[in-house]
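This text goes through a structure from its copies to its domains and then to its helix packing. Please keep the sequence and the model in view while reading.

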There are 2 protein chains.
Amino acid sequence: MYEDKFSIRAQTMKKSVIRELLRYVTRPEIISLGGGMPDPALFPIDVVQDVTRSVLEKNGKRALQYGPTGGDEKLKKELIKRFKKIEDLDININEILPTTASQQGLDLVSKIFIDPGDIVIVGLPTYLGGLSAFNAYGAKLMGIPLDTDGMRVDLIEDKLKVLRRGQKRVKFIYVIPDFQNPTGMTMSLERRKKLISIAERYDVLILEDSPYRELRYEGTNPPMFFSLAPKGVVVSLFTFSKTLFPGMRVGYIIGHKEMIDKLITAKQGADLCSPTFTQAIVAEILARGFLDEHIEKLVVRYRDKRDCMLAALERHVDDFSGAYWTKPEGGLFFWLNLPKYMDADKLFPKAIEKKNIAYIVGSAFHCDGSGKNTMRLNFSYPTLELIGEGIKRLGSLVKEEVK
Amino acid sequence: MYEDKFSIRAQTMKKSVIRELLRYVTRPEIISLGGGMPDPALFPIDVVQDVTRSVLEKNGKRALQYGPTGGDEKLKKELIKRFKKIEDLDININEILPTTASQQGLDLVSKIFIDPGDIVIVGLPTYLGGLSAFNAYGAKLMGIPLDTDGMRVDLIEDKLKVLRRGQKRVKFIYVIPDFQNPTGMTMSLERRKKLISIAERYDVLILEDSPYRELRYEGTNPPMFFSLAPKGVVVSLFTFSKTLFPGMRVGYIIGHKEMIDKLITAKQGADLCSPTFTQAIVAEILARGFLDEHIEKLVVRYRDKRDCMLAALERHVDDFSGAYWTKPEGGLFFWLNLPKYMDADKLFPKAIEKKNIAYIVGSAFHCDGSGKNTMRLNFSYPTLELIGEGIKRLGSLVKEEVK
């Protein structure tokens, strides 16, 4: 009834395929390898109990009042300490902005940069929530394929040349360099450096989305884009959704102070401020030094789960010529490439009805609708037992499709 | 350094005058009559302690996990019960959407309705955060003056006729019918009915923003726009920021289910979901039936504060010919009209430097920059003592300006 009233952006907005698919998952007999939820068994509920009690006791009047749009001071100071410790990175307090988790970061960055028709370069595939945020502001998305070293940076320069000639405005290049969503791939140091040099030469920003960086199960992290690039070239998004819990929606942006200043102005109109209460709780958790030991625990547990899924894939899916995947060094996902003639979209109803399993169709992550033969598999949420059983069922589903 | 990169909307975005002015207020010797903060002495910290403990104990894994974009089921059910009880209004579960307080409601409604150049009709003056939200999506604002019965509805129809002839698209009429921010005025029932009939005739939506409705200190509320109008004509925004506390940022939208559905899609890109944790806490507070007795307490306390400010205004400011105000029947604000030749913007530095008081300049609430001789005075936050002393100082400030 509002079709003639909705804005152009609203008319073209699509519901998140993930969130729609996951509606099926409420049936208890379904094993979900969809979603990107952390394991709730690992939520540090006791710590939250204790910290929350203490925040309310000592600081209740402030924690329940409006806070500055620019975010909780203590939280920002704790984040700065942590960047120094973990990344050896010096961040100034005016270069950081707490957000209602990193999805709001994607929205605010889009809001201050994208005019309808502007181009954003994204991975093919990439995180669906990024695509939704950019689309909502009328961006035109241009996809760059990935391989096992992350985004094919070698393909970007030619694109940029063509776009420049056509006088198209490219606003930023969106990357998830560590354990990318959905592929699990990590971008090599060499490619990071190359992409920065291209971004500088073509005067394009890099938007680094980094929700999984601390969840590494083997090897070592290459430096962040933000650390490698000259000031002002990179803006980076982070969240505690995977390292602590998503339910408080605490994330943060780091960027040049002039950009942060504009983001704060945009945030005033978006929500005045993120919850003071949850920011105060997370700040206190950080101040207690609890996060490092907690992440160690997560890493052990998720490494087991990843290994379990890998073993199950090798056992149950490996005998199909053409199906392949890469072992992710961290993060939450495997990325399964089926033989080209298979269609994961079309398989989905069968997976639900006949096999009682759910996954996310790979096409959802492709801005051009390609990737029909791919799917994303999550190993952080299901138990070891359900991972094994889920992949076994997936194997039997795929087996029936083999030509 | 990003000037050539920012989107058009970002280039025209202005920092909230309120939030900028309130930076001055950190000096402890300043009495602030600015802001719109609730009295933190009234925050029910003990209840929050108890409820939070219980939510984490019984439901921690869920309260810390991602939740549906459409919001917490229990919260929605409690809100529905409350609408029935307080407003005798039947709301369906698919007609309600919890938000990160009502500022996000303003942002989301703008996002799904406003294309650049679309017209939004607003009060002259009206809430600054509404103006920011509409501006961020490129709306053209058209102001309608208010009198003691609220928005001058009699002036709207002529405007709409002219706009229709000019083929301008008017997206909605923004009203704060109860104890309007900033004027404190309540729109009469007659005007509400008239505005609805105009909105229907011209096929324009009404956006009802209702943060203060339950804070009535005398008399009775006319029905909400949402109750009076046929389904689909009105979308209404609410928040617990004034009735419980702002620090959890819990608000909600009610509207036609097709609009709510589109708002959910927009919210997916904006923040995936509002904090599950704070929604669960507020839901449990409602379930315990605590809110009604709490609001009674607020009403008693804020009525005292209002009366205190009224008495102080009468005592210290009433002897200036031309300065006037109206006693608000609820809400948080007095609206002071100085003599026409005075300029509250220009007086502000003097107020800060010489008198150690802060207020919000009335011009900030006028989309056309008018209202230089007006100011908004808040009585919910300062203590009785500070209200008296603050208005005394304001009186002496104004006295020095009398010609």
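The model is predicted: local features need pLDDT of at least 70 and side-chain atom pairs count only at pLDDT 80 or more, while totals for chains, interfaces and linings use all residues. Residues are numbered from 1 along each chain as its sequence is written, and chains are lettered from A and ligands numbered from 1 in the order in which they are written.

Between the chains, 67 residues of chain A and 67 residues of chain B take part in the contact. On the side of chain A that touches chain B, at least two residues each come from helix 1 (8–12), helix 3 (45–63), helix 5 (101–113), helix 6 (128–136), helix 10 (257–271) and helix 11 (276–287) of chain A. Helices (H or I, at least four residues) and strands (E, at least two) are DSSP runs, numbered from the N terminus. This side of chain A has 31 nonpolar, 22 polar and 14 charged residues; Ala, Val, Leu, Ile, Met, Phe, Trp, Tyr, Cys and Pro count as nonpolar, Asp, Glu, Lys and Arg as charged, and the others, Gly among them, as polar.

One helix pair spans the two chains. The axes of helix 10 of chain A and helix 5 of chain B come within 5 Å and cross at roughly 100 degrees; axes are lines fitted to C-alpha atoms, for helices over the stretch in contact, and angles run from 0 to 180 degrees between N-to-C directions. Helix 10 of chain A and helix 5 of chain B are therefore roughly perpendicular (65 to 115 degrees; under 35 is roughly parallel, over 145 roughly antiparallel, and the rest oblique). Here A:G269, A:A270 and A:D271 meet B:A101, B:Q103, B:Q104 and B:D107.

Helix 5 of chain B also packs within its own chain. Its axis and that of helix 6 of chain B come within 9 Å and cross at roughly 30 degrees, which makes the two helices roughly parallel. B:Q103, B:L106, B:D107 and B:S110 of helix 5 of chain B make this contact with B:G129, B:G130, B:A133, B:F134 and B:A136 of helix 6 of chain B.

Elsewhere in chain B, the axes of helix 3 and helix 11 of chain B come within 9 Å and cross at roughly 125 degrees, so helix 3 of chain B and helix 11 of chain B are oblique to each other. The residues of this contact divide into 9 nonpolar, 4 polar and 1 charged.

The domains remain. Chain A is divided into domain 1 (8–44 + 293–399) and domain 2 (45–289), with bounds from an automatic or database domain assignment. Their C-alpha centres lie 24 Å apart, and the contact takes 32 residues from domain 1 of chain A and 35 residues from domain 2 of chain A.

How values were computed. Two residues are in contact if their C-beta atoms, placed from the backbone, lie within 7 Å.
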